[in-house]
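Morning, everyone. I have one structure to walk through today, and I will keep it brisk.

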Amino acid sequence: MTTTVQTREKVWHNPRGWRALTVVSHTNIGRRFMLTGLFFFLVGGLMAMLMRAQLAFPDQAFMSAEIYNQLFTMHGTIMMFLFALPMLEGLGMYMVPKLIGARDLAFPRLGAFGYYCYLFGGLILLSSVALAMAPDSGWFMYTPLSSDVFSPGLNSDFWLLGVTFVEIAAVTAGIELMVSILKTRTAGMSLSRMPLMAWYLLVTSVMVVFGFPPLILGSILLELERAGGLAFFDVARGGDPLLWQHLFWLFGHPEVYIIFLPAAGLVSTLIPVFARRPIIGYRALVLAVITTGFISFGLWVHHMFTVGIPKLAQAFFSVASMLVAVPTAVQIFAWLATLWAGRPRFSLPMLWIFGFLVVFVFGGLTGVMLALVPFNWQVHDTHFVVAHMHYVLIGGMLFPLVAGIYYYLPLFTGRMPSMQLGRWGFWLFFIGFNVTFLIMHFTGLMGMPRRVYTYEAGLGWDIPNLISSIGGFIMTAGVGMVLLDLVLHGRYGRKAPANPWQGDTLEWTLRLPPPNWNFDTLPTVNSRHPLPVFPGHNTDASTEPMPSWLPDMSHGRRETLGCHPVSGKPVSTIHLPGNSWWPFVCALSLAVLCVLLLIRAYPLAAASATLSVALLSAWSWYNGPRKAHALAPSDPDQPPLHFRGLDSPGLWGANAGLMASGSLFMSMLFGWFYLWTVAPLWQFPEQTPLHWPLLTGVALLCSLAAWGYRRLLTPPKQGLTRSVLIIAGAGALALMLLVAQIRLAPLAVREQAHDAILLVMLLYLLMHVGVALLATLLQARRAALGLVSAELSYELPIVRQLWRYAVLVAWALLLVLIAFPLSWGVY
C-alpha cells in the first residue's frame with residue numbers, strides 16, 4: 001500500500017512553539033545537542049582567552065588568583081563535559097539512523113530525556129559563574145582540595161551535582177546509540193557491511209556505558225562526604241584521597257578515546273570519499289577500533305605516575321600506555337594508504353582532515369614521551385602537559401569534527417558552505433593553534449608550572465607566553481570565520497545537488513535536507529557501498545532487485561525495522577513512540593532535585609525525589625504498548641510488531657542500563673578493596689556490623705523472584721496477574737529485610753570509611769530491589785488490564801533482568817562484605 005506525503009507528514013509531524021519541547025525526533029534532538037554544545041564551546045573559549053590575556057605578560061593584575069582558578073576549572077569542565085562528548089553524541093544521534101537505514105533511534109524519548117538532562121545540568125554548572133560560586137579546585141576536582149575543609153562553599157557542589165547530571169545524559173545517549181546500531185539496521189546490513197562511522201560510534205557507546213559510571217560513583221561519594229560527613233577520602237577516618245584519583249581517571253582516560261573515536265570515525269568516512277576509493281583495511285580498522293576501546297580502560301594510572309604508586313605498577317601502565325599507540329597507528333596507516341592509492345581531492349572538509357593528521361600525530365608522539373615514567377616525572381605539572389592535552393583533544397576531536405560538519409552541512413541545511421570563508425577559517429585556526437600550543441611545549445620544558453595565574457619576569461617565560469597568547473587570538477579569529485561561514489551559508493549558500501561529495505553510504509540517498517522520517521521505504525543493503533560511486537570496487541553487490549520495507553504509514557504508527565544484531569536480517573517491526581511531554585517533565589523534576597540537594601534543602605529534596613520516581617513510573621506506564629496497537633493486524637509481508645516477541649529493543653536497553661550499573665558496582669567493589677589494602681588508617685571492627693541471616697534472606701528472596709519470572713517465560717502462561725503478584729510479594733519481603741538490615745547495623749558512617757562504604761553498598765542494593773519491585777507491581781497492574789499477556793509478553797524478560805541483576809548484587813555483597821573478610825580473619 002502506498003502512503004501519501006501528507007500521511008507521512010502527519011505521522012512524523014513535529015509541532016512548533018512551546019510544544020516543540022515534546023519533540024523526540026533524532027534529527028531535532030541531535031541538532032539541539034550540537035547547538036547547545038556549540039554554545040558551551042564559545043563560553044569555554046571565552047574563558048580560555050581571558051586566561052591567555054592574564055598570562056601574556058609577567059606580573060599581570062588582570063585577574064586575581066581566585067578568579068583564575070575558577071576560570072581554568074570551568075574551562076576544562078565545559079570543554080570536556082559540556083562540549084566535546086555531547087557534541088559528538090549529538091552528531092551521532094543525528095547521523096546513525098541515516099547511516100544504517102532507519103527512520104529513528106530505538107528510544108526516541110530516551111534521547112530527548114538525555115538532552116534535557118544535559119541542558120539542565122550544564123545550566124546548573126554555568127549558573128555558578130553568575131552566582132560568583134564557580135568551582136575552583138580544577139576540572140579534575142582532586143581531593144582533599146575539593147573537600148569541605150579546603151573548599152567550604154558550594155563551589156565544588158555545583159561541579160559534583162551538575163557534572164553528575166550531565167554524565168547521566170551521556171550514559172542515556174550511549175545506551176541509545178548502542179542499541180540502535182545493534183538492533184535497528186536496515187535489511188541486509190550485517191556487521192561486516194556496516195559503515196565505519198557506525199562501528200566507531202558503536203565502540204564509543206559501549207565505552208560510555210562502562211566508562212562514565214566510575215566518575216558518577218566518585219561524584220556521589222564526594223558529595224556524600226561534603227554534605228553528609230561520610231568518610232571516603234579522609235585519611236584520618238580510614239579513607240584515602242587517591243581513591244578519588246583512581247575513580248576519576250578510570251573515567252578520564254577512556255574519555256580521551258571516547259572523544260577521539262567518533263572523530264576518527266569521521267576521518268575514516270571522509271578520506272575514502274575524497275580519495276575516490278574504498279578505505280584500505282576495513283577489517284583491520286574495525287579490529288583496531290575495538291582494541292583501542294579495550295586497552296583504553298587499562299591506562300588510567302599513567303595520569304598518576306607522580307603520586308607515589310609502586311614501581312611495578314608504573315612499569316605496567318607505562319607499557320600499556322605505549323601499547324595503545326599500536327591500534328592508533330593501524331588507523332593512521334590505513335588512512336595514509338587510502339590517500340596514497342586514491343586520487344585525493346582537497347575540498348574544504350579535507351583541509352581539516354589534513355590539519356587533524358598533522359596535529360594528532362604530533363600529539364600522539366608527545367603522548368608516548370609522557371608514557372615514559374622518568375620524563376613524566378619531570379614535566380607532569382608543567383605547561384608541556386597542557387600543550388600535549390590540547391594537541392590530542394583539539395587535534396583528535398575538533399579538526400575532524402569541523403571536517404564532518406562541513407561534509408554533512410548539505411544534510412543539515414540543503415546548502416553548500418563557502419569554500420573561501422572556510423579556507424580562511426581553517427588556516428587562521430591551524431596557524432593560531434600551532435603558534436599557541438607548539439610554543440607551550442617549550443614553555444613547559446623551561447619549567448613553567450601549570451595552574452599558576454602569574455609569573456615573575458626574567459624566568460625566560462615572557463616571550464613564549466606572549467607568543468602563545470597571540471596565537472590564541474589568531475585561533476579565535478579562525479573560529480569566528482568558521483561561525484560566520486556557517487551562519488551565512490544558511491541564507492546565501494548555494495543549493496546542494498544530490499550527493500554533492502559523491503559519498504557511498506545510505507545518508508546520501510536521502511533528500512537534502514531529509515524529511516523527519518528519513519526514508520519513505522527502508523532499503524535492502526547488499527554491499528558495504530550501497531551507492532556505486534567507486535567504479536570497479538563494488539564487486540560484492542548483487543544485481544538483482546532488492547525488496548523495500550515498511551512502505552505503509554496509513555496505520556498512524558512510527559515504525560522502523562528491528563534486525564538480528566549480527567546478520568542484519570529483519571526480525572521485527574519496531575513501533576517507535578511519538579512526541580511526548582514525559583522526557584522534559586522528568587528531566588525538569590530531576591533538575592529541581594539537583595538544585596534542592598545543592599542548597600541542602602533535604603526535606604524538599606526527599607519530596608522532589610518521590611515526585612521524580614512517580615513521574616518516571618508514569619512515563620514507563622504510558623511508554624508501553626496499547627492493546628489495540630499491539631494486537632492490530634499487520635502486513636503479512638512485513639516482520640511482526642516487536643510487542644509480539646521476547647527479544648525487544650526494551651530488553652536490549654535494559655541490559656545496557658544494567659551494564660552501566662554493573663560498571664558502577666564494580667567501581668564500588670574496587671573502592672572497597674582499594675581502601676582495605678592501601679588506606680593507612682583503614683580499620684575493620686571487631687565483628688561484622690551486618691546480620692548475615694538478613695542479607696542471605698534478601699539474596700534468597702531475590703533469587704526466588706528471578707526464578708518465578710523464568711517460570712513465567714517458559715513459555716508465557718495464563719494467569720499472569722496472580723503469578724506476578726506472588727513475585728512482588730517475595731520482592732516486598734526482600735525489601736523489608738534489607739531495610740531492617742540497614743536499620744539494625746551499627747554503622748558509624750561519619751567515623752569510619754569501612755562503615756560508610758558498607759552503607760553505600762547496601763543502599764545500592766536497596767535501590768535495585770526497589771526498582772525491580774516497583775516494575776513488578778506496575779507489570780501486575782498491566783497484566784490485569786490485558787496489556788501484558790501470553791500474546792503480549794515482551795515486557796516480562798525486561799523485569800526478569802532487573803531481578804537477575806538484584807540477585808547478582810545480593811550474592812556478591814554477601815560474599816564480599818561477609819564471607820571474604822571472615823575467611824581472612826579480619827572480623
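Predicted model: local features only at pLDDT ≥ 70, side-chain atom pairs only at ≥ 80, totals over all residues.

The structure holds 10 of them. The general idea is simple: side chains of opposite charge can pair when their charged atoms come close.

Take R450 and D381. They form a salt bridge, with the closest N and O atoms 3.6 Å apart. Where do the two residues of this pair lie? R450 is in the loop between α15 and α16 (462–492), and D381 is in the loop between α13 (373–379) and α14 (383–413), so the bridge ties together parts 69 residues apart in sequence. R450 counts as buried because its relative accessibility is 15%. D381 has a relative accessible area of 40%, so D381 is partly exposed.

Next, E559 with R557. In this salt bridge the closest N and O atoms are 2.7 Å apart. Buried or exposed, for E559? Buried, because its relative accessibility is 6%. R557 is buried too, at 7% relative accessibility.

E795 sits in the loop between α23 (753–784) and α24 (796–823), while R782 belongs to helix α23; the two are 13 residues apart. E795 has a relative accessible area of 11%, so E795 is buried. R782 is at 4% relative accessibility and also counts as buried.

R8, R511 and D520 are linked in it by salt bridges.

On to cysteines. The cut-off for a disulfide is 2.5 Å between sulfur atoms. C594, likewise, is in no disulfide, and its nearest cysteine sulfur is that of C117. Both residues are covered. C117 counts as buried because its relative accessibility is 0%. C594 is at 12% relative accessibility, so C594 counts as buried.

Now a helix, α9. Helix α9 covers residues 282–295, which is 14 residues. From first C-alpha to last, α9 reaches 20 Å, close to the 20 Å expected at 1.5 Å a residue. Which residues of α9 are buried? They are Y282, L285, V286, A288, V289, T292, G293 and I295. For the pattern, recall that an α-helix has 3.6 residues a turn, so residues three or four places apart point the same way. What do the buried residues of α9 pack against? Four helices are listed here: α6 (196–211), α8 (242–275), α10 (311–323) and α11 (325–341).

Now the surface. F346, F354, V358, W427 and I431 make up a nonpolar patch there, with about 460 Å² of accessible area together. The elements giving two or more residues to this patch are α12 (348–371) and α15 (419–445). F354 is in helix α12. F354 has 32% relative accessibility, so F354 counts as partly exposed.

F354 leads on to F426. F426 is in helix α15. F426 is buried because its relative accessible area is 0%. Leaving aside neighbours within four places in sequence, F426 is in contact with L351, W352, F354, G355 and F399. So F354 belongs to the surface patch and also touches the buried F426. For a distance, F426 and L348 are 8.7 Å apart in space, C-alpha to C-alpha, and 78 residues apart in sequence.

R103 lies in the loop between α3 (65–100) and α4 (108–130). R103 counts as buried because its relative accessibility is 1%. R103 and T521 are 418 residues apart in sequence, yet 9.3 Å apart in space, C-alpha to C-alpha.

Then G568, in the loop between β1 (558–563) and β2 (570–576). Its relative accessible area is 0%, so G568 is buried. What does G568 touch, not counting residues up to four places away in sequence? R185, T186, A187, G188, M189, S190 and C563.

Methods. Residues numbered from 1 in each chain as written. Heavy atoms only, no water. Patch = residues over 30% accessible without salt bridge, like charges linked within 9 Å, V, L, I, M, F, W, Y side chains within 5 Å. Areas by Shrake-Rupley, 256 points an atom, 1.4 Å probe, with all protein chains shown as cover. Salt bridge = Lys/Arg side-chain N within 4 Å of Asp/Glu carboxyl O. Buried < 20%, exposed > 50% of the residue type's maximum accessible area, 1.4 Å probe, protein only. Expected span 1.5 Å × (residues − 1). Contact = heavy atoms within 4.5 Å.
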